[in-house]
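Subject: A structure for you to look at

Hi there,

I am passing on the structure we talked about, so please open it and keep it beside you while you read. My notes on it come just after.

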Amino acid sequence: MTEFLDQKRPSFPVYITIGLTIIFFAFSEIILRNLVLSFLNIPLTLMCLIYWNMALPKSVGLTWAILCGFILDLSQNLVLGTNVMIFLVSSYLIQRYFHRLRALYRVQQSLIVAGMVFTYQLIFIISFLNFSREILLELILFTVISALIWPVIFGLLRFIRIKFTYIN
Amino acid sequence: MYNKELKQTQISQTAIFTTGSMRASKILPSFILVLTVFFSDYFFNYGKDIRLFFLKTSQPITEIPVAIENVYDRLVFFFSSQNQLFNEINNLNKEIEKLNFEILKMKGLENENIELSELMNLSKREQFSFSMLGEIKSKSFFPNESLNVSTDVTKINNNMVVLNRNGMIGQIDQVLPNSVKVLPIYEKDNIVPAYFPRTGLNIILKGTGKDKLFSIENLSSGVNLKIGDEIFSSGLGGKFPKGYLIGKVKRISNNPNLKFQTVEVQSTAVFDNGSKVLFISP
């Protein structure tokens, strides 16, 4: 009865695909940070992590979250573990409630993502005790941008997931 | 159809059997490990070397935007400077054209001045009873050659002769309200008294109206002529000044049975040369 399910193997190891996309997003974020030269940035890595935790909670491990968190800490010259802790908590929360999040409309998901991005950025602002008007404007701006590009990131990663990790 | 069912089965199976199974106990060891790293880095700065190493190794990637920006700047600079050079070359070429035109104008002016000074010298040297300068306004070419010359027409009369820097060229045909119409000296049926310096013989030249040619009237066949003999104005009759080269013998037809010989003389007058003329009364 379930023989056809056994034939369905990923064309490319899921774990590697997830890792590669997360690393790609992490480096994109670093490049974007150097390009924009602002205090805050669009947290592409976090958004990528949110997607994979939501789409394949069984496959995505904590290793990639830890690795990418360290890469971001090193690139931003932060104390090691700052990003990692946020990523771990995010992964935990998303995996905890992934089937509820999956059922949401894309707009609702965007709002959840915006909330997470807002909190993520706010942690940095608080840790650096930097509350200037420009920074707060950046916070709002990047939160809105993140919410707007979430459907794009979702679509892109979904396409990658379907294209590379399944045999039809 | 089969694939669609397969997907639906898989999704429903995942939905049923996969629950929010992440427990705090699963994440806790990782979290404690990260916290340890965090505090040890915070208090003892253990990550300093790793950070330096990472920054050094990731420099090529992090500097990609800078490199792109540099390449873009270089490209823009290259094309803008290239464009600037093209514009500069075009402007310089236009300036060269303008200067060439100016040079031509200046050369024209210089020629006019030379011409004028030659004519003034001529006037002074020859001591004509009357002379006046005129400026050529327009020229008509063969077969109806003529010049339209502007001058003070009140002092001009129909008996005057016209000279340019090359010599005698014509005579006045009509005095118009503001200008004078001048016909060439070799105009058809125009008569010019002349002589051969070699023999001292006086002759009458008659314009043929054919390509700057004169014919010699009633020249006896006994007169010794050679092709190339020069003929000068004799000044007889008082209209044309004496001693100006009129032409050279071009062709001689000497029939022993005839009393007169036929001689063709090529005029040396350069009718349409220059821009200034001198009206004179000898």
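Predicted model: local features only at pLDDT ≥ 70, side-chain atom pairs only at ≥ 80, totals over all residues.

**Chain A as a whole**

Let's begin with the overall plan. The secondary structure of chain A consists of eight helices and zero strands. Read from the N terminus, its elements go α-α-α-α-α-α-α-α. Chain A has 168 residues, and 40% of them are buried. If you take the contacts in chain A with a separation of 6 or more, 72% are between residues 24 or more positions apart.

**Two helix pairs to look at**

Start with helix α2 (residues 14-36) and helix α3 (residues 44-55) of chain A, whose axes come within 7 Å and cross at roughly 160 degrees. Are these two roughly parallel or roughly antiparallel? Angles over 145 degrees count as roughly antiparallel, and so α2(A) is roughly antiparallel to α3(A). The crossing of α2(A) past α3(A) is right-handed. On the α2(A) side, the residues that meet α3(A) are Ile18(A), Thr21(A), Ile22(A), Phe25(A), Ala26(A), Ser28(A) and Glu29(A). Their partners in α3(A) are Leu44(A), Thr45(A), Cys48(A), Leu49(A) and Trp52(A). Sorted by class, the residues of this contact between α2(A) and α3(A) are eight nonpolar, three polar and one charged.

Now follow α3(A) to another partner. The axes of α3(A) and α5(A) are 9 Å apart, and the helices pack at an angle of about 30 degrees. Angles under 35 degrees count as roughly parallel, so α3(A) is roughly parallel to α5(A). Here, too, you will find a right-handed crossing. From α3(A), the contact uses Leu46(A), Leu49(A), Ile50(A), Asn53(A) and Met54(A). From α5(A), it uses Phe87(A), Ser90(A), Ser91(A), Ile94(A) and Gln95(A). The residues of the contact of α3(A) with α5(A) are six nonpolar, four polar and no charged.

**The nonpolar cores**

In soluble globular proteins, nonpolar side chains tend to be buried together. In this model, the largest nonpolar core has 46 residues. Which residues have the most contacts inside it? They are Cys48(A) and Ile50(A). The elements that give two or more residues to this core are α2, α3, α4 (62-75), α5 (82-96), α7 (106-128) and α8 (133-165) of chain A, together with α2 of chain B. Leaving aside neighbours within four places in sequence, Cys48(A) is in contact with Thr21(A), Ile22(A), Phe25(A), Ile153(A) and Leu157(A). Apart from this core lies another one of 35 residues, including Ile156(B), Ala194(B), Phe214(B) and Phe279(B).

**Where the chains meet**

How many residues of chain B are in contact with chain A? There are 25, and they touch 28 residues of chain A. On the chain B side, the elements that give two or more residues are α1 (2-17), α2 (24-44), α3 (47-57), α4 (59-62) and α5 (64-126). The largest share, nine residues, comes from α2(B). By class, this side of chain B has 15 nonpolar, eight polar and two charged residues.

**A few single residues**

Have a look at Leu205(B), which sits in strand β7 (residues 202-207) of chain B. Is Leu205(B) buried or exposed? Leu205(B) is buried, because 25 other C-beta atoms lie within 10 Å and 20 or more count as buried. Not counting residues up to four places away in sequence, Leu205(B) touches Val192(B), Ala194(B), Phe214(B), Ile216(B), Ile231(B), Ile246(B) and Val265(B). One of these, Ile231(B), is 26 residues away from Leu205(B) along the chain, with 9.4 Å between their C-alpha atoms.

Asn77(A) is in the loop between α4 and α5 of chain A. Asn77(A) is not a glycine, yet it has a positive phi of about 60 degrees. Asn77(A) is exposed, with 10 other C-beta atoms within 10 Å. Asp189(B) lies in the loop between β5 (179-184) and β6 (191-195) of chain B. Its phi is positive, at about 70 degrees, although Asp189(B) is not a glycine. Asp189(B) is exposed, with 8 other C-beta atoms within 10 Å.

Happy exploring!

Methods. Residues numbered from 1 in each chain as written. Chains lettered and ligands numbered in written order. Contact = placed C-beta atoms within 7 Å. Helix = DSSP H or I, 4+ residues; strand = E, 2+ residues; numbered from the N terminus. Nonpolar A, V, L, I, M, F, W, Y, C, P; charged D, E, K, R; others polar. Axes fitted to C-alpha atoms, helices over the stretch in contact; angles between N-to-C directions. Parallel < 35°, antiparallel > 145°, perpendicular 65-115°, else oblique. Left-handed = near helix turned anticlockwise from the far one by under 90°. Core = buried A, V, L, I, M, F, W, Y, C linked by C-beta atoms within 7 Å. Buried ≥ 20, exposed ≤ 12 C-beta atoms within 10 Å, placed from the backbone.
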